[in-house]
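Hi there,

Here is the structure I promised to pass along.

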Amino acid sequence: MYKDFLIVGFGLSGLSVARHLELSNNSFDIISDNSQRSSRIAGGIINPVAVKRMKPAWQVEKYLPFAESFYQALDKQFSSDIYLNKSLNVFIHNTEQENNWYEALDKPRLKPFISSQVYNNDNQNLSADKIGKIKAASVNLAHLFQNTKLHYQKQWKGETFQHKDLKIDENYVSYQKETYKHIIFCEGFGVSKNPFFKDLGIYGNKGDYLIIESKALQLQEFYKAKYFLIPLGNDLYKFGATYQRQPLIHQPSAEAKSQMMEALDKMIKTPYKIVDQVCGIRPTTKDRRPVVGTHPKHKNIHILNGFGSRGVMLSPKLGQTLVEHILKKKTIDPEISIQRFHAQI
Ligand SMILES: Cc1cc2nc3c(=O)[nH]c(=O)nc-3n(C[C@H](O)[C@H](O)[C@H](O)COP(=O)(O)OP(=O)(O)OC[C@H]3O[C@@H](n4cnc5c(N)ncnc54)[C@H](O)[C@@H]3O)c2cc1C
């Protein structure tokens, strides 16, 4: 008997696909290694606003409510703190930024997410004059992956998928001793080694975070000036993340560290200690949209990828989109469909 699906990669994309396959009673296995770390080290922020341009995030009205109920259901199932509504406090440095904030209140799509006024900063540990508040949310990725990995342990193989061992037939695929109706690749930037999809044009963008300790800061919410300051509990905070096109290696960068320290020194007034630096590679596309769909030449090979940013908000719904495309032949929005890259594959 064949199993229905093999999922390669268990970051946010693989997790979403697994969840929707489970909910639709399909059998599947998961093969994942730790070669990519984007989902493990990400900030876990769901931010509905593109702050620099004061615009709503892409299709936020569609993706945010879906993500919220997706994570809340997991939260309930595992009795774990996975999803939390949390304010994002944006530093307002000058009158122009303050005016931009008030102008943004005239945009009906932004209004539900941003505070109706800019507040004076009353926290002496922060160097902001004023602060605008965004209704954001936090996904605790450590809790999310601990719980779901355990939940899927019977289907789980912690190893590197060897693409050369995949045999493709008209109606099934075989991998080593197993046979599946479909295979779904959710490899993040690991796709660059995948012979079926490496020419899609998914390129890497490395991000570093500092992990700092500060007993004096005592922050519960998110803060953003140049970078995000994210409370982790126990006086620890994540600060970042940087954007770097090269080198795409999983090694903390000294240049990123000094950029972040300079920005942090401008943002907070309390002493802090750097306790760690972590990094990951964002799987990014040129048009900044995810890639969802089926290989043009192999109808049983599929992909969910291209979450260079906002993967926390977008992946829950797009896992469902891909599963319904495969099982129910539902069409995929051309803006995210793999079809826009067919000429390259
Ligand atoms: C520094 C940083 C901060 C970020 N912060 C945020 C944030 O706050 N909010 C937000 O929404 N997004 C954020 N992102 C983006 C977010 O992390 C990504 O959108 C998301 O993690 C991508 O998930 P993915 O599952 O597609 O890829 P990945 O997380 O890279 O997962 C792919 C998985 O597949 C495995 N894999 C790859 N190849 C193979 C193979 N051959 N065999 C077996 N396994 C394989 C990898 O090891 C990995 O486990 C951030 C990214 C970075 C780098």
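**Strand β1 and its neighbours**

Strand β1 (residues 3–8) is mostly covered, with 5 of its 6 residues buried. Please keep in mind that this is a predicted model. β1 pairs in the parallel sense with strand β12 (residues 178–185) over 5 bridges, and there Lys-3 stands opposite Tyr-180. β1 also pairs in the parallel sense with strand β2 (residues 28–31), this time over 4 bridges. In β2, Asp-29 is the bridge partner of Leu-6.

**A charged patch**

On the surface, Lys-52, Arg-53, Lys-55, Lys-107, Lys-226 and Arg-288 gather in a patch of positive charge. Lys-226 sits in the loop between β14 (222–224) and β15 (228–233). Lys-226 counts as exposed because its relative accessibility is 56%, and the cut-off for exposed is over 50%.

**Backbone details to look at**

Most residues other than glycine have a negative phi, and most peptide bonds are trans.

- Met-54 is not a glycine, yet it has a positive phi of about 45°. Met-54 lies in the loop between β4 (49–50) and β5 (55–56) and is buried, at 7% relative accessible area.
- Ser-79 also has a positive phi, near 45°. Ser-79 belongs to the loop between α3 (60–78) and β6 (83–92) and is exposed, at 69% relative accessible area.
- The peptide bond from Gly-240 to Ala-241 is cis, with omega near 5°. Ala-241 is in the loop between β16 (236–240) and α6 (254–267).
- Gln-246 and Pro-247 are joined by a cis peptide bond with omega of about -10°. Pro-247 is in the loop between β16 and α6.

Best wishes

Notes
Residues numbered from 1 in each chain as written. Predicted model: local features only at pLDDT ≥ 70, side-chain atom pairs only at ≥ 80, totals over all residues. Heavy atoms only, no water. Patch = residues over 30% accessible without salt bridge, like charges linked within 9 Å, V, L, I, M, F, W, Y side chains within 5 Å. Areas by Shrake-Rupley, 256 points an atom, 1.4 Å probe, with all protein chains shown as cover. Salt bridge = Lys/Arg side-chain N within 4 Å of Asp/Glu carboxyl O. Lys, Arg positive; Asp, Glu negative; His and termini not counted. Charge placed at Lys NZ, Arg CZ, Asp CG, Glu CD. Helix = DSSP H or I, 4+ residues; strand = E, 2+ residues; numbered from the N terminus. Buried < 20%, exposed > 50% of the residue type's maximum accessible area, 1.4 Å probe, protein only. Pairing = 2+ DSSP bridges.
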